[in-house]
Amino acid sequence: MCGIAGIYYKNQHRSISLDINKILKKIKHRGPDGKGFFVDRNKIALGNTRLSIQDISRNGNQPIYSACKRYVIVFNGEIYNFKELKKKLKEYKFQTNTDTEVLLYLFIKFGFECLKFLKGFFAFAIWDKEEERLYCARDKFGVKPFYYTKENSKFIFCSEIKPILDLKDTNIPNLNAINSYLTSEYYENVEKTFFDNIQKLKPGHCLTFYNNKILINKYWNFEDSLSKTKIPKQKKEIGELIYKKIDNAIKLSLVSDAKVSI
């Protein structure tokens, strides 16, 4: 499952290492196989709790750094076609056999355009130490969670809401979101949560945080994708297409260095 988290302070903050550790302790259940974090100039910290799937050795522990040390990534999810995508990156020297490192170099080479190549589900954050920019993204259907808040000179993200609450200055209920849930029994609000100023990064969206500002863009649209799919007219052909799609999806999801039981 894994968990990711990050904290950015506009001004240097001495307790940032303690703060990221507090968050990681609260999401330890998401990744019992390892924990790691990175701090840059006491302004930003990225952390991960790991459930080992690809490259279950210590080499796969996160955060993972680019060879030049300019970029660092924390990642939650699986990129099923990472071995195929690795072939596009022959100019890079890899230190691990993880999909995380492949994702990092794909981003370095293609930017957010790399999201179009990915087959799988994910939430990730990449820090560019040179430009002091944070790049985040969530998979097309929002399988992996990504919550965030910006409060004055502070930006925090995490795989769960509870650790964010501990670091916010104020926690106010979002009565509209709560009312919507209680009256409709529909919980999966695309963007809002039960707390004011804690949002979800919407599925199929990416986020850039720079100079204490957030920029969000949509990189994938379900309707557009569906319109490009050719659907046969004959029932038999439709059945064969569905079977082929499901069979292919299952084969992709079985890519793992850990044992697969079901």
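Predicted model: local features only at pLDDT ≥ 70, side-chain atom pairs only at ≥ 80, totals over all residues.
Let me start with a charge and a ring: Lys 86 lies over the face of Phe 94, at 4.7 Å from the ring centre.

A search of the whole structure finds 18 aromatic pairs, and I will show two of them. In one, the rings of Phe 107 and Phe 112 have their centres 5.4 Å apart and their planes at 75°, and because planes over 60 degrees apart count as edge-to-face, that is the class given to this pair. Phe 107 itself is buried, with a relative accessible area of 6%. In the other, the rings of Phe 155 and Phe 209 have their centres 4.5 Å apart, with their planes at 15°, so here the pair is stacked. Since Phe 155 lies in strand S9, residues 154-158, and Phe 209 lies in strand S11, residues 205-210, the pair ties together parts that are 54 residues apart in sequence. Both Phe 155 and Phe 209 are buried, and together with Tyr 8, Trp 127 and Tyr 148 they form one aromatic cluster.

Now to the sheet that contains S11. It is an open sheet of 6 strands, in the order S4-S5-S6-S7-S11-S12, and the pairing is antiparallel. Which strands are at its edges? They are strand S4, residues 64-65, and strand S12, residues 213-218, each of which pairs on one side only. Within the sheet, strand S6, residues 120-128, and strand S7, residues 133-138, pair in the antiparallel sense over 6 bridges, and Ala 123 stands opposite Arg 138 in S7. Helix H3, residues 99-110, packs on this sheet and touches S4, S5, S6 and S7, while its direction makes about 120° with that of S5.

My next topic is strand S3, residues 44-50, where 7 of the 7 residues are buried, so that the strand is largely enclosed by the rest of the structure. In a regular strand the side chains alternate between the two faces of the sheet. In S3, Ile 44, Leu 46, Asn 48 and Arg 50 point one way, whereas Ala 45, Gly 47 and Thr 49 point the other way, and all are buried.

I will finish with Glu 151, whose place is in strand S8, residues 147-151. Is this residue buried or exposed? At 9% relative accessibility, Glu 151 counts as buried, because the limit is under 20%. A polar atom of the Glu 151 side chain lies 3.5 Å from the backbone nitrogen of Thr 170. Leaving aside residues up to four places away in sequence, Glu 151 touches Leu 167, Lys 168, Asp 169, Thr 170 and Asn 197.

Note on methods
Residues numbered from 1 in each chain as written. Heavy atoms only, no water. Pairing = 2+ DSSP bridges. Helix = DSSP H or I, 4+ residues; strand = E, 2+ residues; numbered from the N terminus. Contact = heavy atoms within 4.5 Å. Axes fitted to C-alpha atoms, helices over the stretch in contact; angles between N-to-C directions. Phe/Tyr/Trp six-rings, centres within 6.5 Å; stacked < 30°, edge-to-face > 60°. Buried < 20%, exposed > 50% of the residue type's maximum accessible area, 1.4 Å probe, protein only. Lys NZ or Arg CZ within 6 Å of the ring centre and 35° of its normal. Polar contact = N/O pair within 3.5 Å; in protein donor to acceptor, adjacent residues only side chain to side chain.
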